Amino acid sequence: MNKHFILGTAGHIDHGKTTLVKALSGFDCDTHKEEKLRGITIHLGFTHIALTPEHTVSVVDVPGHADFVDTMVSGSSGIDAVMLVIAADSGVMPQTVEHLQIMSMLGIPTGFVVLTKVDLVDSELIDFASREIRELLEGTFLADAPIIPFSSRTNEGLEQIREAVLTCTEAEKPQQERDVFRMYIDRIFQVKGHGTVVNGSVLGGNVSKGDKVVLLPEGKEYRIRRLERHCEETDSVLAGDRASLSLPGLERSEVTSGSLIADRTLEATTLIDALLKFFPGKSSLNIWSQLHFLLGTVSQQVRIHLINVNKLRGGEEALVQIHLARPAVVQHGDRFIVRSSSADITLGGGEIIDAHPLHHRRRPEPLIKKMAKLSAGGVEQLIAEEVRKSIVPLTSKQIADRLGVTRERTVE
C-alpha cells in the first residue's frame, strides 16, 4: 500500500467530479467566489481522503471545461491514478475523450471510472452508458478498469469507490525517492506568521523542514520554515505527496508559469529533443509548426521541427526538436501535451528524450539513429551523450545538474 499517493479527477464539465470528491472527503474543492457564482470548477482543487485511520491519499480535482485544459494538465502532473467521471444522463462527451487522451499521454498507470447521476436515469440507460464507456476505454490504460455507478443523492457506490481507490494505491510505483526533489508550483498564497506558502505535487526526491531549496529557473535560494501534508505539519515530504512549503522571503511576483522548487540548481533549456505522438483524427503537421506546449505548469508557444519525417499525421509519432519561447527546467522522461497554436484543440503529446540537445539545423541519418537510441535508452546513454556534446571535460555534478538527476545516479 502506497502512503504517498495522489489521485486525480478527470471528465467533462458538470458530470459531478467536485460533488464526488466532496462525498469522499467531506470537502468542497470549489472554494473561489467565481466558482460558486458560475457553478463550475475553474481552479485546481485539493483535498485528501482518509481510506483507513492510518492511510490517507491526496486528491487533485481538475476543471472539466474546455477553456481550462491548461489548468487540468498542470494538476494532472504527478498524479498516480485517475478517477474518470462520466454522468449517466449525458454519457461520453468531448472533454471525456480529451481528458482520457491527456491522461494516457501523461503516462498515468492506473485508475477507474465512476458513472455518476445514476439516480436520474433508468437501468436501461445505465447499461447503455456502461457499454459506451467500455468501448471508449478499449485499448487504453483503463481498458480493464471497473465502472462504478454512483449517486450523490443516496451515496450509492461510495464504498465501492473507496475500495477502488485503495486498490489503486496497492499498484507498484517506481522508486522516486532517490531522484532530485522537484515540485512545480501550482498554488501560492500568504499565511500570516509563515510568509509565502507554495503548493504542488512532489515529482521526485524528498526534502525536510529547514532544508534549502531553489526556485527555478530564477535560481534563488530559500529555506523551508514549515512543511505540510494533508493539512498537517510534517518533518519531510517525498515523491507522491501533495505538499505545502513555507518559504519566507519568496515574493509572489517571482513565481511565474513553469516555476518549480528543487533541492539544487538545475539548468534551464530552450531546446528539447522529444518523441511526439499525434492523436488520431487530428490535422497533420509540416516540418515546422507552431504549437502550444504544456508540461507541469509550463505553458507557452513553441516551434516544433520534425526530424525523421516530413509530415506528421493523426495516429502517428515522430522524433522532433522543440524550440521554447522561454527557458524551462525539464528532464529526460518528462511527459508533455501539445495543443493548437490558439490553445483550443489538444493535438497530442509525448516524452522528452534530451533536455539539452544541440541545435539540429539538418536532419542526417546518424542524428535520427542517435535520437532513437536515446529514446529507447536510459541514464547511461544520456551521460554518454552529454560527454559527447561538450568540448571540455565534465564533472559528475555538472552532468547530473544538466540531466536533472542525483550525482549518485551518474556514478553508479
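These are my notebook entries on a predicted model of a protein.

**Basis.** I worked from a predicted model, in which local features need pLDDT of at least 70 and side-chain atom pairs count only at pLDDT 80 or more, while totals for chains, interfaces and linings use all residues. Residues are numbered from 1 along each chain as its sequence is written, and side-chain values use heavy atoms, with hydrogens and water left out.

**Overall form.** I looked up the secondary structure and found 10 helices and 23 strands; these are DSSP runs numbered from the N terminus, helices being H or I of at least four residues and strands E of at least two. The radius of gyration is 21 Å, close to the 22 Å that the globule rule gives for 412 residues, so the protein is as compact as a globular protein of that length. That radius is taken over C-alpha atoms, and the rule is 2.2 Å times the number of residues to the power 0.38. Along the principal axes, the C-alpha atoms fill a box of roughly 70 × 55 × 40 Å.

**Burial and contacts.** I noted that buried residues (under 20% relative accessible area, 1.4 Å probe, protein chains only) make up 52% of the 412 residues. Of the contacts (heavy atoms within 4.5 Å) with a separation of 6 or more, 69% join residues 24 or more positions apart.

**Largest nonpolar core.** I took a nonpolar core as a set of buried Ala, Val, Leu, Ile, Met, Phe, Trp, Tyr and Cys residues joined through side-chain atoms within 4.5 Å. The largest has 35 residues, of which Leu-84 and Leu-115 touch the most other members. Among the elements giving it two or more residues are strands E1 (6-10), E4 (81-87) and E5 (110-116). Helix H5 supplies the largest share, 5 residues. Beyond its neighbours within four places in sequence, Leu-84 has contacts including Ala-10, Leu-100, Phe-112 and Leu-142. I also recorded a second, separate core of 33 residues, which includes Leu-260, Leu-285, Phe-293 and Ala-328.

**Ile-261.** I located Ile-261 in strand E17 (residues 260-262). Ile-261 counts as buried because its relative accessibility is 0%. Leaving aside neighbours within four places in sequence, the residues in contact with Ile-261 include Phe-181, Arg-182, Val-198, Val-214 and Leu-247. Its C-alpha atom is separated by 31 Å from that of Pro-53, 208 residues apart along the chain.

**Helix H9.** I checked helix H9 (residues 396-403), whose buried residues are Ser-396, Ile-399, Ala-400, Asp-401 and Leu-403. Gly-404 follows H9 and has a positive phi, near 75°.

Note on methods:
Buried < 20%, exposed > 50% of the residue type's maximum accessible area, 1.4 Å probe, protein only.
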